[in-house]
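Work through each task with the structure open before turning to the solution.

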Amino acid sequence: MNRAIVIGSSADALIAAHLLARAGREVMVVEGGDSSQDEGWVPPQVVRELRLEDFRLHWPEPWLAAPLPDGGRLELWRDMARSVESIRRLSARDAERWPAFCKRMARLARFLEALYAAPPPDPLSLPFALRARRLGRQGLEDLLRILPMPVAELLDDWFESDVLKGALGAAGVLHLMQGPRSSGTAFRLLHHHVGCPPGVFRPPRSNILELLRRLPRVELQHTEVLRVALRAGAVTGVALKDGRSLEASLVVSSADPRRSLLEFVEPGWLDPEFARALRQVRGRGVVARLRLQLDRSPGFGALALAPSLDYLERAYDDAKYGRVSQRPYVEARCDEQHRLDVHIQYAPFGADCSGLADRVIALLSEHWGDAQPSASELLSPRELEQFERWPQGQAHHAELSLDQALWMRPLPELARYRTPIKGLWLCGQGMHPGAGVAGAAGFNCAHEILRG
Amino acid sequence: MPKYDAIIIGGGHNGLVCAAYLARAGKKVLVLERRERVGGAAMTEEVFPGFRFSVFSYVVSLLRPEIIRDLELPRHGLHILPLESTITPLDNGDYLGQWNDHDQNRRELARHSLRDAEAYDEFGLMLHQMARAIKPMLAMAPPDPAALSFGELTAMNRLAEHFRALGAKRFHMLHKLLTMSSADFLDEWFESEVLKATKSASGIIGTLLGPRSPGTAYVLLHHYMGELDGVFRAWGFAKGGNGAVSGAIAGAAQAAGAEIRTGATVAQVLVKGSRAIGVVLEGGEEIRASLVVSGADPRRTFLGLVGEKHLPDEFVESIRRFRFRGASAKVNLALGELPNFTCLPGRGPHLRGAISISPSVEYLERAYDEAKYGEISRRPYMDIVIPSMIDPAMAPPGKHVMSIFVQYAPYHLNGGWTDARREALGDAVVDTLAQYAPNLKGAILHRQVVTPADIERIVGLAEGNIFQGELSLQQMFFLRPAPAWARYRTPLSGLYQCGAGTHPGGGVMGASGRNAAHAILRAG
């Protein structure tokens, strides 16, 4: 039985499926109920290997607008000179520093990019050391110093404008149950910078899913997996929700690692200590999403309401004690049909989200001129868990913090996509590099499978 | 020919350790101390007649055993008395006790959580292994990862070798300790709130971070690295207070031939070209030496005593962004009678140990929240000891001294530190403590409150940071105090640094002073 079953319909799942199919495996994709993701950088290797010629990454222009306290907006563009122009209105010093900052960050992001298009490195190996040394003295020192830093300290070192620091600092805490003063959030800023042009600090969107769905050779099943069937510690197939069972010698799951191993697999197959460690993987949902239909353009492509680092930190303070932020960090993206996709942080899993939609609409309405919302839908972390199958509503499955990144993601024992169950592999957002990178985990996982 | 081989700026414990090692190697050493007595933040003072206090640092544990051995400190008067317990009083009248006696400790933990009692030994073993994994690094001059010389490459390789030898499991555990918050780390082991809070408290000591801030798990480990008479994580008092620690080290240095001048304030390091050639004292006296070794913190050393104009821009930039942000204060009380704790009334063995005000992780985190926005914690974390219970000579007969370590009292207080704010801090401490020991207010004869601003003013530690710079991951090992200059050398030839602002940092360890001396002696 040479069939491979891929669980999920995310970019990671589909990429793994197509790479396996191209290598001659019969592949069946079972949509696990988890949702599509078109947000996030896609490694160029994926595009090359699957020959996705029409592939496009895109950012709004400006990629971010942030309202200023006395009217007007800070606008950050892909064009460095235009950003500098906009920043100059806030601070001449910050404007002057912007290009150098972007250059320093871009160098580190390129270093991470190389690590992301491969399984996690062995930090104590010679090749890793050599690669790090190629950064040069300043680059290596930046790497060692900046990765563990709080993003607030990094930004305080460089800039003085609160609005600029707030807008950038927000990228350090995206989907994270930490505030900008928490160590390791500077790493997050760099993580979301990977694959972006210098000076852009938000993950792009792409047409990756649309292109993947158009590719031939992979059979899609619109049902859900209930269990992965095992015999003698090895995969024999899957049992589906519609009652059928499919035989397979290989199952690749893009569902979150805990669900894949603790729900799909009968308890008893895993070493208890390993199962305990897996349960302790932190994946706390902190984001609510609001979808809004406007009757006309709001006058921005992307707007962030995070006026300062302290504002973000105070928003986090509420979440620490289990409450929705009184003044949340809000970021809205608008598409051509005037649909707004709004990221609201912090809304911790389990907290009462009633009234949140109205509060956020009131906040945003100050910035969208005469536009009128016609329909709105708020998804709390609990609903995101239900509909998207994100554990506790955490889009990254496992929070991307330094202790759950790279060779630690989501656990050292799983970092190379292989599980203790023979024939069961993981390729979702909870795997390296995951967390808002579309397709790299699927790509790396498929290559690991094929290599073995 | 200069009269001295080396001048040590500052007679704190690290400066003295460095002086002692250099003198023992035959160098002619002069220690210059600004105050009238040596010790820096490790000193004992009779603050109120008959009441002697370890005014700043107040316990001993991290002092490296090799220093105690090499310098024969017991012969010079160091006598350490063990601290045998920690109790954490709770609001409901109960308490958590942690005792050195294994069985007693287990019974007590089981009272709070059977599961935690089971996990405790395993946790202890794990931290012990981690401390052993870090220990060899404490005595190491951190290699420069960006250097290309054969020596540095070999050193980096040795370091990688050391980590590889730990095995994957331990290496990954170390990774977690370096990157996690103490609260998250402890959540993986324990369920009892008060146990987690009391353990995570050692992760916040000396830093402006809360138990939920990543990086605090390492500080927890740092405080676990203590070793007394071969016993890991044992804490104790120096008989006569922490001044006795400095006194013993100074005695060892003098016995080896080092000269110590107190009341001698260094105004400036003399620089000629790119070389330090001596110092100028306040008052104008110039003293020349082949080497100058600064025990002062990096900011004072480089931006104050040396001066930016003698240093490369990039280095100056690194020192400027080196973070201090002192967050700790001390309240020293002279007591007419012992505090009577509601949870454990009367005079019991618990008063011979530490008392921790850390009822829950949330309590600590809320204390941090206030400090993070520049306010004093209204209900602070406290680590309390009563030295007179162990060393009766610290107080008049029948009376007592109480030493209270307090967090958080941020150096950068909104509106700045004033006498009124200092007293407000003292009141917050006494009020909070009186909730657990109601007789306290009536027992207080005298009160001394030491804020971070006071620590800076009196001892000279920048922003009152007790570690001479935050012990955060981005300021540790090869980055302490600045990348490329973590090996005790400085951009000026003839100038070295030996304070806790260098690897491995603070806590009355003496390791920085010893490592600096070795770096100097190796360089010839």
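**Exercise 1.** Determine how many residues of chain A are in contact with chain B, and describe the side of chain A that touches chain B by element and by class.

*Solution.* Counting the contacts in this predicted model, one finds that 23 residues of chain A are in contact with 28 residues of chain B. Next, sorting the chain A side by secondary structure shows that the elements giving two or more residues to it are α6 (136-146) and α13 (309-320) of chain A. Of these, α6(A) supplies the largest share, with 5 residues. Finally, a division by class gives 9 nonpolar, 5 polar and 9 charged residues on the side of chain A that touches chain B.

**Exercise 2.** Locate the largest nonpolar core and identify the residues with the most contacts inside it.

*Solution.* The largest nonpolar core has 170 residues, and those with the most contacts inside it are A19(B), A20(B), I249(B) and V293(B). Helix α1 (residues 13-24) of chain B gives the most to this core, contributing 8 residues. Taking V293(B) as an example, and leaving aside residues up to four places away in sequence, its contacts are A6(B), I8(B), I9(B), C18(B), Y496(B), C498(B), A516(B) and I520(B). Apart from this core lies another, of 144 residues, which includes L19(A), L108(A), W368(A) and L379(A).

**Exercise 3.** Decide whether helix α11 of chain B is mostly covered or mostly exposed, and find what covers its buried residues.

*Solution.* Helix α11(B), residues 298-306, is mostly covered, since 7 of its 9 residues are buried. These are P298(B), R299(B), R300(B), T301(B), F302(B), L305(B) and V306(B). Their cover includes the strands β1 (4-9), β12 (266-272), β14 (286-294) and β20 (495-497), together with the helix α12 (313-321), of chain B. Following the chain onward, one reaches G307(B) after α11(B), and the phi of G307(B) is positive, near 100°.

Methods
Residues numbered from 1 in each chain as written. Chains lettered and ligands numbered in written order. Predicted model: local features only at pLDDT ≥ 70, side-chain atom pairs only at ≥ 80, totals over all residues. Core = buried A, V, L, I, M, F, W, Y, C linked by C-beta atoms within 7 Å. Buried ≥ 20, exposed ≤ 12 C-beta atoms within 10 Å, placed from the backbone. Helix = DSSP H or I, 4+ residues; strand = E, 2+ residues; numbered from the N terminus. Contact = placed C-beta atoms within 7 Å. Nonpolar A, V, L, I, M, F, W, Y, C, P; charged D, E, K, R; others polar.
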